[in-house]
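Colleague: I am new to this structure. Could you take me through it by question and answer?

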Amino acid sequence: MWRRKGPNRSSLRRQLRTAGVLFDTGDFVAAEVLLRRLLPDCEAVLGADHGETIGLLNLLGSSLYQQRKAVASAQIAREATDRAVRAWGPDDPATLDCAHNLGAALAIQGDVSGSVAVLDDTWQRRARRLGAAHEATLTTANTLGATLFAARRRRDGLTVLRRAHAQSTDLPAGHPVRVEIAENLRIAERNTGG
């Protein structure tokens, strides 16, 4: 009797790269479909806590986030974060990427207190591990500041955005993170009168 041979590592990696290309080109629906199809095979072949499996979960959560599927995105991001903590510890940059995505997903889900807690913790950990002016640290500070501001914690949001803006001057002029922080700060200051 003929049996379907299970996927091998190189085939999985090739398909994961394809999912990444789909995501990078903005085809979030196709990326989601492919990632969901690959997840059981990655868990079986590589293991649930393998770096590529965790990366798959993180990308799946991001695909769902981009589609504004808030609840599903938060669930997947939490699973990716939990697995990353088990695999690498809470301060590993890859773990902090997952945690940032969890905080952002919680924000669009409307869980402001959960989002702020995760983003603030991630911001502090990234600052200690990567430095306050690192692009990833500033990205989390920007997301935290915007989340606080949108949740009517305007003073706290302004404080975070101003601090991030001051630290972002180490990035080159025109850098997307620097530009986004400046824009969020401009909007926040305009809406609070300074």
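Colleague: Is helix 7 largely enclosed or open, and how many of its 16 residues are buried?
Modeller: This is a predicted model. Buried here means under 20% relative accessible area. Helix 7 is largely enclosed by the rest of the structure, because the number of its 16 residues that are buried is twelve.

Colleague: Which helices do the buried residues of helix 7 pack against?
Modeller: The buried residues include Ala136, Leu138, Thr143 and Phe149. The buried residues of helix 7 pack against helix 5 (93-109), helix 6 (112-130), helix 8 (154-167) and helix 9 (176-192).

Colleague: What span should helix 7 have, and how far apart are its end C-alpha atoms?
Modeller: Helix 7 covers residues 135-150, and at 1.5 Å a residue it should span 22 Å. The distance between its end C-alpha atoms agrees, at 22 Å.

Colleague: How many charged residues are in the lining of the largest pocket?
Modeller: The largest pocket has a volume of about 200 Å³. Its lining includes Tyr65, His100, Asn101 and Thr143. By class the lining has four nonpolar and seven polar residues, and the count of charged ones is none.

Colleague: Which elements give two or more residues to the largest nonpolar core?
Modeller: The largest nonpolar core has 21 residues, and Leu16, Leu35, Leu38, Cys42 and Leu56 have the most contacts inside it. The elements that give two or more residues to this core are helix 1 (9-24), helix 2 (28-45), helix 3 and helix 4 (70-88).

How values were computed: Residues are numbered from 1 along each chain as its sequence is written. This is a predicted model: local features need pLDDT of at least 70, side-chain atom pairs count only at pLDDT 80 or more; totals for chains, interfaces and linings use all residues. Side-chain values use heavy atoms; hydrogens and water are left out. Helices (H or I, at least four residues) and strands (E, at least two) are DSSP runs, numbered from the N terminus. The expected span of a helix is 1.5 Å times one less than its number of residues. Buried means under 20% relative accessible area, exposed over 50%, partly exposed in between (1.4 Å probe, protein chains only). Contact means heavy atoms within 4.5 Å. On a 1 Å grid over the protein atoms alone, a cavity is a set of points where a 1.4 Å probe fits but cannot get out, and a pocket is an open set with protein on both sides within 12 Å along at least five of seven lines; lining residues have an atom within 4 Å of a point. Grid points are joined across faces, edges and corners, and a volume is the space filled by probe spheres set on the points. Ala, Val, Leu, Ile, Met, Phe, Trp, Tyr, Cys and Pro count as nonpolar, Asp, Glu, Lys and Arg as charged, and the others, Gly among them, as polar. A nonpolar core is a set of buried Ala, Val, Leu, Ile, Met, Phe, Trp, Tyr and Cys residues joined through side-chain atoms within 4.5 Å.
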